[in-house]
Amino acid sequence: MRRPSGPVFIALGAGLLAVAVSALIALYSMGGMRHDPQTFASIAPTGPQFQVGGSFDLVRAGGERVTEGDFPGQHLLIFFGFTHCPDVCPTELMIMASALDTLAESDPALAEKVQPIFITIDPERDTPELMAEYVANFHPRMIGLSGSVDAVAKAAREFRVYYAKAPIEGADDYLMDHSSFVYLMNPDGDLAALFRPNSDPADAARALQAIVGRHG
Ligand code: NI
């Protein structure tokens, strides 16, 4: 996949952000962007009217139910994808892990306030156990979540995640098309930033430090 160039961290007002995200979602729905958005990397909205992300009701390994309410005081760094993904998902999970490790080097206490989470959009194959095994390859604190097809669809809708099965021609197999932004949710459950796929981990770490640090 190609590495987009350009500015990495752009702060926008809520109104502009809403417009930008709507445009991105429209582009994704049309299949025009997929894994290669060129527009921007990370945006920090403000205002309660901004409705991207929020609640989920999923399951982690061992059958334990997990919702957004289970992380009081934590910022949630969330990515949606699937374990059979050949390239984009592992790349994004590595970026998340690397950004967190970079933050932990300069400010371990602040890094502890960020909970990385990987949510599958392929629950038919990605069991909670498989998710746990998979995320352990990337970061020791990362949590992998799955759930029923309906529960996953509901979470994806909340986060405006686009996804669809992409059958592999000539094989009894499929991949998943999916949008690939990384979401940073603040402890109040509001979207704090949206990281473009292929963000630079050092830039992402700086953004995390600024946003999580500002929250106190
Ligand atoms: Ni993927």
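Predicted model: local features only at pLDDT ≥ 70, side-chain atom pairs only at ≥ 80, totals over all residues.
View 1. Residues are numbered from 1 along each chain as its sequence is written, and side-chain values use heavy atoms, with hydrogens and water left out. The nickel ion's protein donors are C85 (SG), C89 (SG) and H178 (NE2), 2.1 to 2.4 Å away from it. Donors here are N, O and S atoms within 2.8 Å of the metal (3.2 Å for Na, K and Ca); water is not among the atoms, so sites may look incomplete. C85 comes from the loop between strand 4 and helix 2 (88–106) and H178 from strand 8 (residues 174–178), so the pair ties together parts 93 residues apart in sequence. Helices (H or I, at least four residues) and strands (E, at least two) are DSSP runs, numbered from the N terminus.

**View 2. Strand 4, wrapped up on both faces.** Seven of the seven residues of strand 4 (residues 75–81) are buried, so the rest of the structure largely encloses it. H75, L77, F79 and G81 cover one side, with L76, I78 and F80 on the other. Strand 4 runs parallel to strand 5 (residues 114–120), joined by seven bridges, and antiparallel to strand 9 (residues 182–185), joined by four. Strands pair if DSSP finds at least two bridges between them. L76 sits opposite M185 in strand 9.

View 3. F79 has F118 as its bridge partner in strand 5. A search of the whole structure turns up six aromatic pairs. Rings of Phe, Tyr and Trp (its six-membered ring) pair if their centres lie within 6.5 Å; planes under 30 degrees apart are stacked, over 60 edge-to-face, the rest tilted. F79 and F118 are stacked, 6.1 Å centre to centre with 15° between the planes. Ring pairs link F79, F118, Y134 and F138 into a cluster. F79 is buried, at 0% relative accessible area. The rings of F80 and F159 have centres 5.2 Å apart and planes at 50°, so that pair is tilted.

**View 4. Charges over Y174.** R125 lies over the face of Y174, 3.7 Å from the ring centre. The charged end of K165 sits over the ring of Y174 too, 4.6 Å from its centre. A charge counts as over a ring if NZ of Lys or CZ of Arg is within 6 Å of the ring centre and within 35 degrees of the ring normal.

Conventions:
Buried < 20%, exposed > 50% of the residue type's maximum accessible area, 1.4 Å probe, protein only.
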